[in-house]
Amino acid sequence: MNKNKLIYILLGLVLIVGALIAFPLFSPGGEGQNGPDADTAASENRGTPEIVTIDIACVGDVMAHITQVQAAALGDGTYSFEKNFEFIKDYITKADIALCNIETTFGGEPYRGYPAFSSPDVLAGDLAEAGFNVALTANNHMHDRGGAGITRTLEVLKKNGFVTTGSMLREDEPRYAMINVKGIDVAVIAYTYETPSPDGAVYLNGVRIAPENAARINSFSYENIDVELKEIGSVVEEARENGAEIVVMYYHWGEEYQLAANKWQRYIAEKTVETMNVDIIFGSHPHNLQEAEYIDGVPVFFSMGNFISNQRTETLGAEKRYTETGVIAQVKIDYNKTDNEVVSAAMSAVPTWVDRYSEGGRTVYSIIPLDSALDSNAVLAESGHLTRAKGALEDANGLLKIN
């Protein structure tokens, strides 16, 4: 091989190697596999995010005063509360998750109303039949029949298919409930306020709770609220660590008969949103509706009022008429399963009013949705209370102030 031919071969090899080195730098996506075009391609490969919509409904205080129990008696030793819920059933059954605050106990006979509630077991079954599937048991009447009442209430609710949260059968059980909906794990956590303690023990309604029973309920003290909120936050963290993709918080809080959230409710709500990874806050106890609003994007219903009770104008006076009105609080959550995050949480509400009337010599209680069918509601036509129901709708709109 002559000298000139060898030079040409070596020069050709140099040009080939140089081209191979330069080509990635000048070709589309020249930053290599980690360049922006590669990211775009990867995004396209993932496809459209999978969005799952979950509809959550929650109502306030389900109470059973003795007149309600008497009205539910069928005369043969059995009871039925089915008529209480006939007009709201469609709203509840359409929800993927429907929560209710059980502000009574299923402690067995003798049945009692205020101040120490115990209701017929069939109330749990009729609530389930109406579409509710999560029972909130954390409230100031949860201990009305003592530790045995806490246990029996949970057993009756679970027997009727409820997921329960707010109290436990055993101290070592989780302080949250988990329910899977459309492939999404939703945690529900419920806590009730304690009344002031003179000795460091837990008190509800001024009654000292035995330590073994206090260990089975979710409660917090206003007197040491920052420490208590850290403890509640640890329950949220535990639920998240165990797979919760959405967290719903319920607080039994506030001051009875007040028409707006007090400073404690606002402080707790703001701290919960600020320090805990929760997606919704529902509240009740004041027996009246209070405002609902978004706090940093989190829907907060400060008080959902009474869902059903015998608290009303006839028993408490005209100034307490607001106790007749409640709400079906609704939150529609769009969850991105692709990125594992809540995309949006939008709240709405259906106000309700409890009609009490006589039919065939018997007292009847019926929860009336204050919706577009109000003028044609059969119960209101029977009772003659349409004008009163419309007044309740005005009250509800004035109090909720969803914004």
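Is Tyr111 buried or exposed in this predicted model? At 18% relative accessibility, Tyr111 is classed as buried, because the cut-off for that class is under 20%. The legends below describe close-up views of the predicted model.

**View 1. Model confidence along the chain.** The mean pLDDT of the chain is 91, and 88% of the residues reach at least 70. Residues 1–45 have a pLDDT under 50 throughout. For this segment the model has 10 contacts beyond four places in sequence. Where pLDDT is low, the predicted coordinates should not be read in detail.

**View 2. The ring pair Tyr79–Tyr111.** The structure has 11 aromatic pairs. In one of them, the ring centres of Tyr79 and Tyr111 are 5.5 Å apart and the planes stand at 90°, so the pair is edge-to-face. Tyr79 sits in the loop between α3 and α4 (89–94), and Tyr111 in the loop between β2 (97–102) and α5 (122–129), so the pair ties together parts that are 32 residues apart in sequence. The two partners fall into separate accessibility classes: Tyr79 is partly exposed at 23% relative accessibility, whereas Tyr111 is buried at 18%.

View 3. Ring pairs join Phe220 and Tyr251 with Tyr193, Tyr222, Trp253, Trp264 and Phe302 in a cluster.

View 4. With 1% relative accessibility, Pro120 is buried. Beyond its neighbours within four places in sequence, Pro120 contacts Val69, Tyr79, Phe81, Phe106 and Tyr111. Pro110 is 10 residues away from Pro120 in sequence, with a C-alpha to C-alpha separation of 9.2 Å.

**View 5. The largest pocket.** The volume of the largest pocket is about 230 Å³. Its lining has 14 residues, and those closest to the centre are Ala71, Ser80, Lys83, Arg362 and Val364. At least two lining residues come from each of α3 (66–72) and β17 (362–369). Strand β17 gives the largest share, four residues. By type, the lining of this pocket has seven nonpolar, four polar and three charged residues.

**View 6. The largest cavity.** Across the whole structure, one cavity of 30 Å³ or more is found. The largest cavity has a volume of about 50 Å³. It is lined by Ile102, Thr104, Thr105, Thr137, Met142, Gly149, Ile150, Thr153, Leu154 and Ser167. Helix α6 (residues 146–159) provides the largest share of this lining, four residues. The lining of the largest cavity contains four nonpolar and six polar residues and no charged ones.

How values were computed. Residues are numbered from 1 along each chain as its sequence is written. This is a predicted model: local features need pLDDT of at least 70, side-chain atom pairs count only at pLDDT 80 or more; totals for chains, interfaces and linings use all residues. Side-chain values use heavy atoms; hydrogens and water are left out. On a 1 Å grid over the protein atoms alone, a cavity is a set of points where a 1.4 Å probe fits but cannot get out, and a pocket is an open set with protein on both sides within 12 Å along at least five of seven lines; lining residues have an atom within 4 Å of a point. Grid points are joined across faces, edges and corners, and a volume is the space filled by probe spheres set on the points. Ala, Val, Leu, Ile, Met, Phe, Trp, Tyr, Cys and Pro count as nonpolar, Asp, Glu, Lys and Arg as charged, and the others, Gly among them, as polar. pLDDT is the predictor's confidence in each residue, from 0 to 100. Contact means heavy atoms within 4.5 Å. Rings of Phe, Tyr and Trp (its six-membered ring) pair if their centres lie within 6.5 Å; planes under 30 degrees apart count as stacked, over 60 as edge-to-face and the rest as tilted. Buried means under 20% relative accessible area, exposed over 50%, partly exposed in between (1.4 Å probe, protein chains only).
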